[in-house]
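Please open the structure in a viewer and keep the selection tool at hand. The tour below moves from one selection to the next.

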Amino acid sequence: MLSRLTIAIALAVVSAPLHALTYTLEPEHTQGVIRWNHLGFANPTAQFSLVEGTIEFDPAAVAKSSVEVTIPLAAVSTGVPGLNSDFRSSDFFDFDKFPTATFKSTKVEKSGESKLKVTGDLSLHGITKPVILEVTINKVGTNPRSQLPTVGFEATAMLNRSDFGLGKYVPQVSDAIDLHITAEAAEAKGYAEYLKAQAAKAAARAAAKKD
């Protein structure tokens with residue numbers, strides 16, 4: 001028979017994420033892909049990573065949830081050096097002048113089983129426009145590796161790049177851009193401590209190699 005202590009720990013682990021918590025996005029497990037059509041022949045993609053942000057999420061009261069995200073545009077990559085250069089230039093994103101994109105939610109609604117509709121303001125290329133993300137909740141639970149309350153999502157949206165002053169070559173290259181984001185976020189305070197502990201371990205290993 002399980003001891004009362006064991007039962008209490010198990011209940012705590014199971015129930016920990018099932019109330020309002022603040023989560024920090026894990027950059028190594030959060031990525032986005034944008035896709036467009038080129039002359040009707042192909043549908044190339046670019047990926048962005050190193051995303052930073054905070055999620056306030058309550059599965060029992062999703063309307064009280066919120067998300068705020070910053071995307072460093074220097075981390076956008078098409079896998080094609082010449083196209084990467086085009087993206088960095090003033091013809092397109094102009095990374096030097098506009099180094100980041102941000103998204104801040106204004107409304108979160110439940111749209112089905114494990115589904116959310118997140119409305120917010122996307123600021124990109126010096127222009128802010130409302131965007132709706134269709135979100136699927138992948139999982140709410142405890143990460144077995146970090147032992148932290150963790151949430152995971154998939155989000156999709158369709159954007160018109162001309163809305164953000166990025167309409168060069170439209171319509172030969174599609175105005176419509178498909179966006180797909182996968183995100184994992186851990187309980188904020190615990191994640192900060194986890195990162196400190198991981199950094200301390202890495203420093204100890206490096207010191208041991210020198211000795």
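**A tour of the aromatic residues and the core**

Select Trp36 first: with a relative accessibility of 9%, Trp36 counts as buried, a word that means under 20% relative accessible area, with a 1.4 Å probe and protein chains only. The model is predicted, so local features need pLDDT of at least 70 and side-chain atom pairs pLDDT 80 or more, while totals for chains, interfaces and linings use all residues. Residues are numbered from 1 along each chain as its sequence is written, and side-chain values use heavy atoms, without hydrogens and water.

Rings of Phe, Tyr and Trp (its six-membered ring) pair if their centres lie within 6.5 Å; planes under 30 degrees apart are stacked, over 60 edge-to-face, and the rest tilted. The count comes to seven aromatic pairs. The Trp36 and Phe87 rings form a tilted pair because their centres are 5.8 Å apart and their planes stand at 50°.

Now select Phe93, buried at 13% relative accessible area, and Phe95, buried at 9%. Their rings make a tilted pair, 5.9 Å centre to centre with 40° between the planes.

Finally, select Phe57. Leaving aside neighbours within four places in sequence, Phe57 is in contact with residues including His19, Tyr23, Leu116 and Phe153, where contact means heavy atoms within 4.5 Å.

Terms used. Buried means under 20% relative accessible area, exposed over 50%, partly exposed in between (1.4 Å probe, protein chains only).
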